[in-house]
Amino acid sequence: MRRREFLGSVGGAGAMAALALPGRLGAQTIAPLLAPLPAIVPIRATPDRIFRTTVCLRPFRAAGPRFDVEEVGRKHVIRHYGHGGSGWSLSWGSADIAVAKAMALGAKDIAVIGAGAIGLTTAITAQRAGAKVTIYAKERFPDVRSARATGTWSPDSRVALESAVAPDFPALWEQMTRASYARHMSFLGTPGDPVEWTERYMLADEMPDPNSARSSNAPRTLGFVEYGDRVRDLTPRAQMLPPGSHPFAAPFVRRNSSIAFNVADFARQLEMDFMLGGGRFVPMEFNETGDFGKLKEKVIIACTGYGSRALFRDESILPVRGQIAWLIPQEGAHYGIYYNHVSVLARRDGIVVQDTGSDDTFGYNDPNETIDRAAADRSIAVVASMFAQPAATIPATVPK
Ligand SMILES: Cc1cc2nc3c(=O)[nH]c(=O)nc-3n(C[C@H](O)[C@H](O)[C@H](O)COP(=O)(O)OP(=O)(O)OC[C@H]3O[C@@H](n4cnc5c(N)ncnc54)[C@H](O)[C@@H]3O)c2cc1C
């Protein structure tokens, strides 16, 4: 996850402009403007607390996700993949578009290929539209790549390149984002907290630029789209925290709130909703599109993520590699931090730590899915440096 993925669309231009900065407004003046800080349980960042390390490839397309409808043999196939670093965030809104295309073909029985974030949300959306749906997939949770995502609201993270999108893409993206957001909000307060709002802390050694039009200071070598301004109303504004009001070591700390997906629970809830809707899973691998002929359904929605590159021989899909070190979850630690190109999201199903790289080429077109344990350890050391008092030295009375 890069810095903008961490910030999602909440820390961008509008939020930056709205910051109350200590240099302009004294800390004493700022303090009363801030809501009380929630207790921040320090992260216990030591390599022995890593319980797994995972690598995931974002299914990136320079032009943004595909929605093409085509004939393959006697089947109608809707290609529905290429969501880059935004698949969880955009899932519901993207599903609305793909399912509308399937229903327009008069589909009553639909085959969805793929059981990741896009496959499950597409299947549930098709059921709600009145179709009988079967999911065919090589893997299911927890083995799909979607299980290895950071799990934050990041609808415009590595989702397309500015230079490659069609003129109508920004509006389509906004439509997907707003529809997705609304559906995600309907999961708030449900058992297991599949979706929840959590606090995020952006740490910096230098004063953030309040006039920057960008949500990230990372150099834009490739030029991924940045659309945060279009949906500024969906998320709160960032605030500067006065020195001494937080446990972090960095001199400048901003706080905002964003959406976290507790992916393990979210996936289970989606699978259950699908089955309660009469859905069925069939394990199946497709080696080529000719294999679609084996299915009884005439309408197929292919939600095959990065696997689409091989299945459709689609070279417009490129891998963008990301590695996550998972620390043991901690009672009361449900927040995120970004500092020094490392992001932390303390979720209920693990504290995910990711090196996000110092510019937007990090991981781009890198298909290597091998775990780099030394890199994981380095990122954990950065997490330890985020706190003024290392968590390891805090007395045992502090909650685990
Ligand atoms: C490190 C990292 C962090 C991320 N963080 C976030 C985040 O915080 N927020 C966010 O919104 N997004 C995030 N993403 C992006 C998100 O994870 C992806 O966009 C999303 O997982 C794509 O989902 P999918 O269902 O298309 O693909 P997948 O999860 O890969 O699912 C594909 C499905 O298709 C099946 N399949 C593929 N090929 C075949 C075949 N030939 N035959 C049969 N079945 C097949 C697979 O078995 C699987 O079931 C992140 C990605 C990475 C790598």
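A backbone N or O atom of T150 lies 3.0 Å from a nitrogen atom of the ligand, a polar contact being a pair of N or O atoms within 3.5 Å. The protein covers 98% of the 1000 Å² of accessible area that the ligand has on its own, with areas taken from the Shrake-Rupley method and a 1.4 Å probe. The model is a predicted one, in which local features need pLDDT of at least 70, side-chain atom pairs count only at pLDDT 80 or more, and totals for chains, interfaces and linings use all residues. Residues are numbered from 1 along each chain as its sequence is written, and side-chain values use heavy atoms, leaving out hydrogens and water.

**Contacts with the ligand**
- An oxygen atom of the ligand is 2.8 Å from a backbone N or O atom of T152.
- A polar backbone atom of I118 lies 3.0 Å from an oxygen atom of the ligand.

**The shell around the ligand**
- There are 38 residues around the ligand, and C56, G84, S89, E139 and S146 come nearest; a residue counts as near if one of its heavy atoms lies within 4 Å.
- By class, the shell has 13 nonpolar, 18 polar and seven charged residues, with Asp, Glu, Lys and Arg counted as charged and Gly among the polar ones.
- β1 (50-61), α4 (87-104) and α5 (117-128) each give two or more residues to this shell, and β1 gives the most, with four residues; helices (H or I, at least four residues) and strands (E, at least two) are DSSP runs.
- The ligand lies between domain 1 (3-57 + 203-257 + 318-393) and domain 2 (60-150 + 264-317), because both give residues to the shell; the bounds come from an automatic or database domain assignment.

- P142 is placed in the loop between β5 (132-137) and α6 (169-185), and a cis peptide bond with omega of about 10° joins F141 and P142.
- R158 is also found in the loop between β5 and α6; phi of R158, a residue other than glycine, has a positive value near 45°.

Terms used
A polar contact is a pair of N or O atoms within 3.5 Å; within protein, one must be able to donate a hydrogen and the other to accept it, and residues adjacent in sequence count only if both atoms are side-chain atoms.
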